[in-house]
Amino acid sequence: MSNIPSSSPVPGPDVASRRGFAVGKWIVAVPLHLTLAIGLVAGCASSTASTDPVTGPVPGTVTTVPATPSASATPSTVPSPTASRTPGSVTTVAPAPASSPEPSETPVRAVAPPSGAFLALEDLPVAAAGTMSDYDRDALFGGWIDADGDCEDSRNEVLARDLTGITSADGCRVDTGTLADPYTGASIDFVRGVATSNDVQVDHVVSLGNAWVTGARRLSQADRVALANDPLNLLAVDGPTNGSKSDQDASEWLPPNRAYACDMVAVQIAVKSRYDLWVTAPEKDAMAEVLAGCPDQQLPGGTPFGDIPGSAGTAPEPAPAPAEGQEAPDAQAPAPADVHYANCTAAREAGAAPLHRGDPGYRDAMDRDGDGVACE
């Protein structure tokens, strides 16, 4: 007999078998239920994602829905011309291009009208220069004359006009004075005398040689004398600088003081216009280039002679009136006095140097370089 108490009976084989089967059956059943549940959830999710529309979030879940851009929205980098501006935002509206734009007008740049000097230059004829082979300054243009009969010839009247602080012992010739030289810009003290008279000379702004080769050969003798003594064409200048200018035109020579170039060119144009002379093509180009730097340059209206202050000179007696029935003689330039200088030293001692061709006492033998100015 067994010692096991009856209150704790040992299950028999059948009972144990039944209990073992039940436990095993539960153990097998639990995984099966879980498997079915998981499969059901996965199947629903798969079915919903592939076929069913999303009607809303499932209670108790968190769903992230990506923002869908509005169909009417315009990228911020390209603002729509017609979009209304949202309060609180900044919208740049680009104007829509016109369907048929009007052609833009080209702005017209204001141009100053040509000056009197430039217009006069345009009116001058252009031709090649003639020959100098037959040029004779003395025979063709004469010398200084006393046109108004006040004992001051053209040279001294120019000195009286262009110099300051002048003095004169006889009232007919300038003995001293100060020149503000336009060609160099220097101040020159003029003293008549052997060694100093040549410091200041009276220049023909349009040289007589240049006038001859640009049309003066067609002028009458009286007109050529008038050109040589015209105060418009005469200027007191530095002697050596005048010598370097000689018969050159504006294409070959301009004053060292470039500030005076416009005035000099304007005088040359005025003289050539007055005496119907022409310019060469290079001369015209040079004049135009100078005037481009002074677009307001006008032509000089006239440059009258000056008078020696307190002049005590004696004017010649007027010619007697013609007898009844006789015609008055043609006005002629007074003949220069018959003066002879043995040499340039004598001319300088007399205060007459430099001598220009046509001046009393001028001789070709005294003009070493043949430029028409002796005893320079």
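Predicted model: local features only at pLDDT ≥ 70, side-chain atom pairs only at ≥ 80, totals over all residues.
**Disulfides**

| Disulfide | S to S distance | Torsion about S-S |
|---|---|---|
| Cys 151 to Cys 172 | 2.0 Å | about -105 degrees |
| Cys 262 to Cys 294 | 2.0 Å | about -105 degrees |

The torsion about the S-S bond of Cys 151 and Cys 172 makes that disulfide left-handed. This pair links distant parts of the chain, 21 residues apart. Cys 151 sits in the loop between helix H3 (137-141) and helix H4 (154-162). Cys 172 sits in the loop between strand E1 (163-167) and strand E2 (176-180). Buried means under 20% relative accessible area. Cys 172 has 16% relative accessibility, so Cys 172 counts as buried.

The disulfide of Cys 262 and Cys 294 is left-handed too, given its torsion of about -105 degrees. Cys 262 lies in helix H8, and Cys 294 lies in the loop between H9 and helix H10 (344-349), so the pair ties together parts 32 residues apart in sequence. Cys 262 is buried, at 14% relative accessibility. Cys 294 is buried as well, with a relative accessible area of 13%.

**Helix H2**

Helix H2 spans residues 116-123. Its buried residues are Ala 117, Ala 120 and Leu 121. They lie on the same side of H2, because they cover an arc of only 105 degrees around the axis. In an α-helix there are 3.6 residues a turn, so residues three or four places apart point the same way. What do the buried residues of H2 pack against? Their partners are helix H8 (261-274) and helix H9 (281-292).

Technical notes:
Residues numbered from 1 in each chain as written. Heavy atoms only, no water. Buried < 20%, exposed > 50% of the residue type's maximum accessible area, 1.4 Å probe, protein only. Helix = DSSP H or I, 4+ residues; strand = E, 2+ residues; numbered from the N terminus. Arc of directions from axis to C-beta. Contact = heavy atoms within 4.5 Å. Disulfide = S-S within 2.5 Å.
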